[in-house]
Amino acid sequence: MTNTPTSQHRQFLARVGRLPSWSVLAAGTLVGGLFGGAYGMLTPPTYTATSYVVAVPAGTTESNSALGFAQAYGRVATQLAVLADAQKRAGVPVRTLQRSVQAATSPDAPMVAVSATSSRPGLASTMANAVSHALTRQANGAQDSTHVQLVQFSKAVKPTEPTSASSAVTGLVGASAGGLLCGLALLARPRGTRQDDDPAPAASVPGPAAAADAQGKRGKR
């Protein structure tokens, strides 16, 4: 008879259940650590560089207005109009900028942080500076109507250390995941050793002699 996927799964859990618990956990932790470490070694490191621009009120404009415009500029920093203006300075296509560049704002300060991520540290800083420069130029082009000027606060510098997880960290994560999965498998293992395909033991029925003896005892009473 062909085993169904459910019966095969139960048979696998039964075989796992026969092994010592410590060996299953150790094997899962070891395999998970190996896979996690290999992933960290084969994945190229990534670097992140960040450039900062600040919104400055012009004339008698209130500071709250500059804060509001900074929030707006943070939302448009990764839009196509800004990225298309920055692609020539960055030396990469717009699609690459869309995947690599992010913008963040602060609720307390009129500042926009433009971050770029790349496997090359020099390219990461170049993209961040190119997008912040394009954003500043477009924002200052509308300064007469907004009465807010966008100023370069800090340029992105070439990062010296990767921001991606190292192979040691990914190995620890993989080991933890492998141990956890094996622990769950141990919890789900069947408690009994009888397979589902084995026939259940038949109920015992008293023989004729034992039945007659029991009836005789009841008659004497």
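Mentor: Let us begin with helix α4, where Leu80, Ala81 and Lys88 are exposed on one side, exposed meaning over 50% relative accessible area, buried under 20% and partly exposed in between, with a 1.4 Å probe and protein chains only. This is a predicted model, in which local features need pLDDT of at least 70 and side-chain atom pairs count only at pLDDT 80 or more, while totals for chains, interfaces and linings use all residues. Residues are numbered from 1 along each chain as its sequence is written, and side-chain values use heavy atoms, leaving out hydrogens and water.

Helix α4 spans residues 80–90, and its buried residues are Val82, Leu83, Ala86 and Ala90. These four lie on the same side of α4, because they cover an arc of only 85 degrees around the axis, the arc being that of the directions from the helix axis to the C-beta atoms. An α-helix has 3.6 residues a turn, so residues three or four places apart point the same way. Just after α4 comes glycine 91, which takes a positive phi of about 80 degrees.

Further along is helix α5, residues 94–100, which contains serine 100. Serine 100 counts as buried because its relative accessibility is 14%. Apart from neighbours within four places in sequence, serine 100 is in contact with Ser115, Ala116, Thr117 and Met127, where contact means heavy atoms within 4.5 Å.

Helix α8, residues 167–188, includes leucine 187, which is exposed because its relative accessible area is 63%. Alanine 185 also belongs to α8, but this residue is partly exposed, at 22% relative accessible area. Between alanine 185 and leucine 25 there are 160 residues of separation in sequence, yet their C-alpha atoms are 9.6 Å apart in space.

Now for the whole protein, which has nine helices and four strands; these are DSSP runs numbered from the N terminus, helices being H or I with at least four residues and strands E with at least two. Along the sequence they follow the pattern α-α-β-α-α-α-β-β-α-α-β-α-α. Of the 221 residues, 29% count as buried, and among contacts with a separation of 6 or more, 79% come from residues 24 or more positions apart. The protein exposes about 14300 Å², of which carbon and sulfur atoms supply 60%, areas being found by the Shrake-Rupley method with a 1.4 Å probe, where for residues only the protein chains shown count as cover.
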